[in-house]
Amino acid sequence: KLTDDQEDEVAPAWSHDGASVLFGARVGGTWQLMQMRIADRSRKQLSIDGGYAAQPSPGGASILFTRLEQQGIWTMSAVGGPATLLVPAVRAAETLNWQVTPHGIYYLGVTADQVVVRRAPLNGGAGVDAAWLGNYSWPGFTVGKDGKVIYAHWDRREANIMGMDAQPLATR
């Protein structure tokens with residue numbers, strides 16, 4: 001067990017150098033990004049306006065993160081501080097469904113009839129459709145070092161016809 005705090009703590013991710021863990025913690029009723037150094041278990045609050053799920057940039061100079069119930073992927077210095085909106089199109093419902101790679105920032109998008117993975121540049125902005133996720137089954141996806149997308153896919157759905165004797169329901 002890494003933490004013994006009373007706060008809720010979620011969405012852990014390794015820092016770029018592997019020496020610490022980034023995570024979201026409910027601090028005084030607000031979700032904030034935290035960083036814990038593994039060696040001595042010291043922790044530091046990184047965000048000042050909220051944060052939920054974080055990932056380091058490929059070079060480690062910045063941290064990208066989402067906020068619970070707020071659209072977008074945000075960025076800030078790896079040592080903390082003010083945040084800037086980087087990718088505005090990420091839906092609040094997908095606060096955990098995104099990934100940073102050297103190829104870009106991947107996130108889920110929805111068109112009129114399908115779920116897609118979009119890729120935005122590392123410096124932010126609008127994403128382009130990178131992969132169509134046929135029969136996507138929540139939760140999540142991952143992107144390999146080569147840019148290949150892996151996701152949960154449902155193959156079939158089953159339905160059965162059931163019969164039972166109809167009895168009046170007992171009243172309470």
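Visitor: How far apart do the centres of the positive and negative side chains lie in the protein?
Guide: In this predicted model, the protein carries 15 positive and 16 negative side chains.

Visitor: How many salt bridges does the structure hold?
Guide: Side chains of opposite charge can pair when their charged atoms come close. Here a pair counts if a side-chain nitrogen of Lys or Arg is within 4 Å of a carboxyl oxygen of Asp or Glu, and the number of salt bridges in the structure is five.

Visitor: Which strands does the salt bridge between Arg 43 and Glu 9 tie together?
Guide: In this pair, the closest N and O atoms of Arg 43 and Glu 9 are 3.1 Å apart. Arg 43 belongs to residues 43-45 and Glu 9 to residues 9-14, so the bridge joins parts that are 34 residues apart in sequence, namely strands β4 and β1.

Visitor: Is Arg 67, the partner of Asp 49 in a salt bridge, buried or exposed?
Guide: The closest N and O atoms of Arg 67 and Asp 49 are 4.0 Å apart. Arg 67 lies in strand β6, whereas Asp 49 lies in the loop between β4 and β5. Because buried means under 20% relative accessible area, Arg 67, at 7%, counts as buried.

Visitor: What is the relative accessible area of Asp 129?
Guide: Asp 129 meets Arg 118 in a salt bridge of 2.7 Å, N to O, with Arg 118 in strand β11 and Asp 129 in strand β12. Arg 118 counts as buried at 18% relative accessibility, whereas Asp 129 is partly exposed, with a relative accessible area of 47%.

Note on methods:
Residues are numbered from 1 along each chain as its sequence is written. This is a predicted model: local features need pLDDT of at least 70, side-chain atom pairs count only at pLDDT 80 or more; totals for chains, interfaces and linings use all residues. Side-chain values use heavy atoms; hydrogens and water are left out. Lys and Arg count as positive and Asp and Glu as negative; His and the chain ends are not counted. The place of a charge is taken as NZ of Lys, CZ of Arg, CG of Asp or CD of Glu. Helices (H or I, at least four residues) and strands (E, at least two) are DSSP runs, numbered from the N terminus. Buried means under 20% relative accessible area, exposed over 50%, partly exposed in between (1.4 Å probe, protein chains only).
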